[in-house]
Each structure stands twice: as structure tokens, then as C-alpha cells.
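Please take a look at the structure below. The paragraphs after it go through its parts one at a time.

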Amino acid sequence: MAGQGEGNNRLLMQGLTYAGALPFIAGALSHVIGFGDVNAANLTCYWAFTILMFMAGTLWGIQVVAPERVAPNLFIASNAVVLGTCAALWFVPFNEAALLFALGFGVLWWLDKQAVRAGATDADYGTMRSRVTGIVVACLVVLAVVPMGVLG
């Protein structure tokens, strides 16, 4: 029974992770087609900040449960990403902030990759994180470099 619960948890984690990428896709699509008067960059950056906080928390969890396998930089670097992107929300126009968020996701992905290499998380988790990070970063770059409503 323990194996079945573990499999269900993995499926739930993967489902929630991929579902978390859907607002990024919707934001990028809304941006390029100019859907209504919605400023998709604003909404997507707020979603990005929320997800970055979740991901930073995941790194904290890895640091807490496997401190012997990973360096304490998970605490420091994840905090730096969250604080830096929070400042981006306050001081940078949303289209440009999207690039900073993309960079933040890249840093968190790199930190996750280090945890996988150290054996603190498994390779399947690392693969999923790579895929979702690629989707998210692509969407954020679209927000930053493609003019709003270019296809609308």
C-alpha cells in the first residue's frame, strides 16, 4: 500500500506542477493576441512571483530534509531570488520584469539540478522541473520581447 500512495502523490505533484504552468501559457497567449484590455504581463508576473515563492519553499524543504546532501546555498539563493523578483514587481515595468522572473526561474532550476545531482531529489523530479521551467521561461520571454497584441 505504501507504494501505491507514493505513486498517487507523485502523480498529484506532477499534475499540480504542470497545471501551474497553464497560467503562464494563458498569459503569453493573451499578451500576443491582445485579449481584451487585460495587461497579461502584469497578471503573469504576479503569478510568476507566487510560483517562485512555492519553488523557493521547495528548495527550503530539500535543505531541511537532506542537509547532508546539499550545500546551505539553497536557503540563501532561494531567498535572493524571491527578494529580487519582489523588487522587480515594485520597481520595474512588467514587461521588463518578466525577464527578471525568467532569470529567477532559471536560477531555481539550476539549484534544483544541483539537488538532483546530490541525490536529495530524484531524476524524475529533475526532468519534470526542466520541462516546466522551459515552458515558463519561454512564456515569460514572450511577454518581455513580443509587443502586446501583435497577433490580434
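The sulfur of Cys45 lies 12 Å from the closest cysteine sulfur, that of Cys139, which is too far for a bond. A disulfide is taken here as a pair of cysteine sulfur atoms within 2.5 Å, and by this rule the count is 0 disulfides. Cys139 is likewise in no disulfide, its nearest cysteine sulfur being that of Cys45. Cys45 counts as buried because its relative accessibility is 0%. Cys139 is buried too, with a relative accessible area of 9%. Buried means under 20% relative accessible area, exposed means over 50%, and partly exposed is in between, with a 1.4 Å probe and protein chains only.

A word on the basis of these values. This is a predicted model, in which local features need pLDDT of at least 70 and side-chain atom pairs count only at pLDDT 80 or more, while totals for chains, interfaces and linings use all residues. Residues are numbered from 1 along each chain as its sequence is written, and side-chain values use heavy atoms, with hydrogens and water left out.

Cys45 also has a place in the nonpolar core. Such a core is a set of buried Ala, Val, Leu, Ile, Met, Phe, Trp, Tyr and Cys residues joined through side-chain atoms within 4.5 Å. The largest one has 37 residues, and those touching the most other members are Phe24, Cys45, Phe101, Phe105, Leu108, Val136 and Leu140. Two or more residues each come from α1 (2-33), α2, α3, α4 (94-117) and α5 (123-145). Helix α2 gives the largest share, 11 residues. Helices are DSSP runs of H or I with at least four residues, strands are runs of E with at least two, and both are numbered from the N terminus.

How do the helices pack against each other? Two packed helices are described by the angle between their axes and the distance between the axes. Axes are lines fitted to C-alpha atoms, for helices over the stretch in contact, and angles run from 0 to 180 degrees between N-to-C directions.

Helix α2 (residues 40-65) packs with helix α3 (residues 73-91) at an angle of about 170 degrees, and their axes are 9 Å apart. That makes α2 roughly antiparallel to α3. Angles over 145 degrees count as roughly antiparallel, under 35 as roughly parallel, 65 to 115 as roughly perpendicular and the rest as oblique. On the α2 side the residues in contact include Cys45, Phe49, Leu52 and Trp60, and on the α3 side they include Leu74, Phe75, Val82 and Leu89. Contact means heavy atoms within 4.5 Å. By class, 16 residues of the contact between α2 and α3 are nonpolar, 5 are polar and none is charged. In this classification Ala, Val, Leu, Ile, Met, Phe, Trp, Tyr, Cys and Pro are nonpolar, Asp, Glu, Lys and Arg are charged, and the others, Gly among them, are polar.

Phe54 also belongs to α2, but with 56% relative accessibility Phe54 counts as exposed. Its C-alpha atom is separated by 9.8 Å from that of Val82, 28 residues apart along the chain.

The second pair is α4 and α5, whose axes come within 8 Å and cross at roughly 170 degrees. These two helices are therefore roughly antiparallel to each other. Among the α4 residues that meet α5 are Phe101, Phe105, Leu108 and Asp112, and the α5 residues include Arg129, Thr133, Val136 and Leu140. By class, the contact of α4 with α5 has 16 nonpolar, 4 polar and 2 charged residues.

Some residues of this pair can be followed further. Leaving out residues up to four places away in sequence, Leu108 touches Leu52, Met55, Ala56, Leu59, Ser78, Val81 and Arg129. Asp112, in helix α4, counts as buried at 3% relative accessibility. Thr133, in helix α5, is buried with a relative accessible area of 6%. Apart from neighbours within four places in sequence, Thr133 is in contact with Phe105 and Trp109. By contrast, Leu103 in α4 is exposed, with a relative accessible area of 55%.

Finally, Ser30 is found in helix α1 and is buried, with a relative accessible area of 18%. Apart from neighbours within four places in sequence, Ser30 is in contact with Phe35 and Ala40. The C-alpha atoms of Ser30 and Asn9, 21 residues apart along the chain, are separated by 32 Å.
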